[in-house]
Each structure stands twice: as C-alpha cells, then as structure tokens.
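Could you go through this fold with me? My notes are below, as numbered points to check against the coordinates.

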Amino acid sequence: MPTTMEDVTAKIDAVEIDPKSGVALKEKAIEGELKTTETTQEKTNEAKSDPEKESNGATFKEEEVPVEVEPKTGVSFPVKLEDGKQLKAVGLRKKSMLGMGIKIYGFGIYADNEKLKDLMQSKIEKAPAKPTKEMYQMVIDSDLGMMMRLVIVFSNLTMNMVRKNFDEGLGAAIKKLTGGKNEELTKKIMGEASDDIKLNSGSVIEISRLPGYVLQTKVKGEIVSKVESELLCRAFIYMYLGDDPFDKEAKEKFGTSMLSLF
C-alpha cells in the first residue's frame with residue numbers, strides 16, 4: 001500500500017530527537033516495528049498460498065480409503081471404488097510354466113453392492129446355509145455392474161502373454177457355457193491392446209462389465225477394448241466364479257459376501 005503524507009507525518013512525530021546530538025533515539029524501534037509488520041504480512045501471504053491450511057493452522061487431509069491385502073502377493077486393493085463399487089473378494093491368478101506355479105497377478109472382485117443385494121433377494125427368499133451354484137450362476141448371467149482389478153506381480157509379463165492367457169481362459173469358459181468354441185469373440189477382449197504397452201510389476205488392468213452387457217478393458221488407465229456381448233460378459237465372470245475358477249478361495253469369499261446381503 002503506498003505511503004501517504006499522514007503516515008510520514010505520524011512517523012516523524014513518533015521519532016524522539018536528542019537535543020544535544022540531533023540523533024533520532026527511537027529509530028531502531030520503528031525499524032523493528034516495520035520488520036514485525038513485514039513478518040506478519042509474510043505469514044499471512046504464506047497461509048493464503050497454502051489452500052490446505054485454515055487460519056487456525058489446521059491442515060486438511062484427503063480421506064484415506066481402507067484397503068484389503070491379497071496375502072499371497074501383498075497387493076493392496078481399496079475396499080471401495082470412486083464409483084461406489086465394493087470389494088467382494090481378493091485372489092491370485094497362477095499359471096503353470098515349466099512345471100512350476102508362477103504368480104501372474106493378484107486380483108480384486110468389485111460389484112455394485114445394492115444391485116447385487118436386489119438380485120439375490122429377488123430370486124432367493126431365505127439365505128441358504130452356504131453359497132449355492134444357483135447364486136453364482138445368477139451373478140454370471142446377470143447384467144450386474146462388476147469390475148476385476150488385476151495387479152501384475154510377474155515382472156516379465158508381456159501383452160502378448162496376457163492376450164494368450166485370456167484367449168485360453170475365455171475359450172474354455174465359452175465352451176463350458178455353450179458347448180462350442182468362438183475364437184473370434186475370445187480375441188476381442190485384448191485384441192486391440194498394442195504389444196508396445198510395457199507391463200511391469202504393479203501395472204494395473206481393469207476389466208468391467210457395464211450395463212447392456214458391455215465388457216470394457218483398461219490397461220494402465222487406457223481403454224483398449226469395449227465389446228458388447230452377453231456371452232463374452234458371462235464367460236469373463238465365469239472364469240472367476242464358475243465351476244473351475246482361477247482362485248477357489250476368492251470364489252468362496254465372494255459367496256460369503258453374497259450370504260451377508262440377506
């Protein structure tokens with residue numbers, strides 16, 4: 001703020017002059033006052049520049065979402081996604097290579113909890129003692145919003161290997177569901193994913209079943225395919241909740257979560 005004539009006059013009046021030497025006796029005090037004013041102003045500006053701080057010094061922190069850890073891989077999965085889907089189970093996908101069981105990825109199964117509850121209660125009046133095949137089949141056949149989050153743990157994995165893995169898994173699932181093959185359909189889920197995409201340990205692949213039986217695939221946050229097919233959606237969920245799931249414990253956890261909805 002510019003200095004006015006009144007300010008100058010006030011400062012001159014405030015200075016005490018030694019009648020013998022003519023030296024201003026309170027000059028240092030005024031300088032100290034000015035420095036204090038400057039320091040206060042700096043603190044005010046600092047507080048304004050930090051949007052996370054209130055005037056009382058309190059700091060805002062983003063709410064941390066609880067996670068569940070898949071024990072065999074140590075991969076963490078948030079228990080709730082931004083779109084509201086809730087984590088129903090975690091598991092591990094292993095693949096036999098050279099006679100060894102190789103850990104490929106940890107996965108989390110997410111579902112729209114309210115719609116899953118409506119689905120269960122619409123056809124089953126009373127909760128059974130344990131999850132039934134009918135309950136799993138209802139989820140597989142439905143249009144219920146679901147998402148599988150796959151977190152890579154095998155560091156040497158390539159997109160070509162991922163594509164081959166899904167082609168085999170979906171092919172087997174389609175054969176179980178229909179009794180026949182559909183190679184053209186199985187290749188669509190990863191068909192447009194470029195081999196140039198580099199996958200490292202920790203890379204994320206998200207495959208979602210959207211309304212209208214649309215299967216959407218994201219690799220490292222980028223959509224690589226979006227296919228409308230009821231059979232493909234059913235086959236994909238079948239790989240995790242069908243008769244021969246990737247991880248039986250994960251399927252059982254999902255079943256337990258369904259029982260809790262009654």
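1. Start with Ala-89, which stands opposite Ile-109 in strand 4. In total, strand 3 and strand 4 (residues 100–111) are joined by 11 bridges and pair in the antiparallel sense. Pairing here requires that DSSP finds at least two bridges between two strands. Helices (H or I, at least four residues) and strands (E, at least two) are DSSP runs, numbered from the N terminus.

2. A quick word on provenance: this is a predicted model, where local features need pLDDT of at least 70 and side-chain atom pairs count only at pLDDT 80 or more, while totals for chains, interfaces and linings use all residues. Residues are numbered from 1 along each chain as its sequence is written, and side-chain values use heavy atoms, with hydrogens and water left out.

3. Which residue in the turn of the strand 3 and strand 4 hairpin has a positive phi? That is Leu-98, at about 55°, in a hairpin with 2 residues between the strands.

4. Axes are lines fitted to C-alpha atoms, for helices over the stretch in contact, and angles run from 0 to 180 degrees between N-to-C directions; contact means heavy atoms within 4.5 Å.

5. Ser-208 is worth a click. Ser-208 is found in strand 6 and has a relative accessible area of 12%, so it is buried (under 20% relative accessible area, with a 1.4 Å probe and protein chains only). Beyond its neighbours within four places in sequence, Ser-208 is in contact with Met-146, Met-147, Val-214, Leu-215 and Gln-216.

6. How do helix 3 and helix 4 pack? Helix 3 (residues 113–123) and helix 4 (residues 133–141) have axes 11 Å apart, at an angle of about 130°. The two are therefore oblique to each other (angles under 35 degrees count as roughly parallel, over 145 as roughly antiparallel, 65 to 115 as roughly perpendicular and the rest as oblique). Leu-116, Leu-119, Met-120 and Lys-123 in helix 3 meet Met-135, Met-138 and Val-139 in helix 4. That contact divides into 6 nonpolar residues, no polar and 1 charged (Ala, Val, Leu, Ile, Met, Phe, Trp, Tyr, Cys and Pro count as nonpolar, Asp, Glu, Lys and Arg as charged, the others, Gly among them, as polar).

7. There is also the hairpin of strand 1 and strand 2. Strand 1 (residues 67–70) and strand 2 (residues 75–78) run antiparallel and are joined by 4 bridges, with Glu-70 standing opposite Val-75. This hairpin has 4 residues between the strands, and Gly-74 takes a positive phi near 80°.

How values were computed:
Buried means under 20% relative accessible area, exposed over 50%, partly exposed in between (1.4 Å probe, protein chains only).
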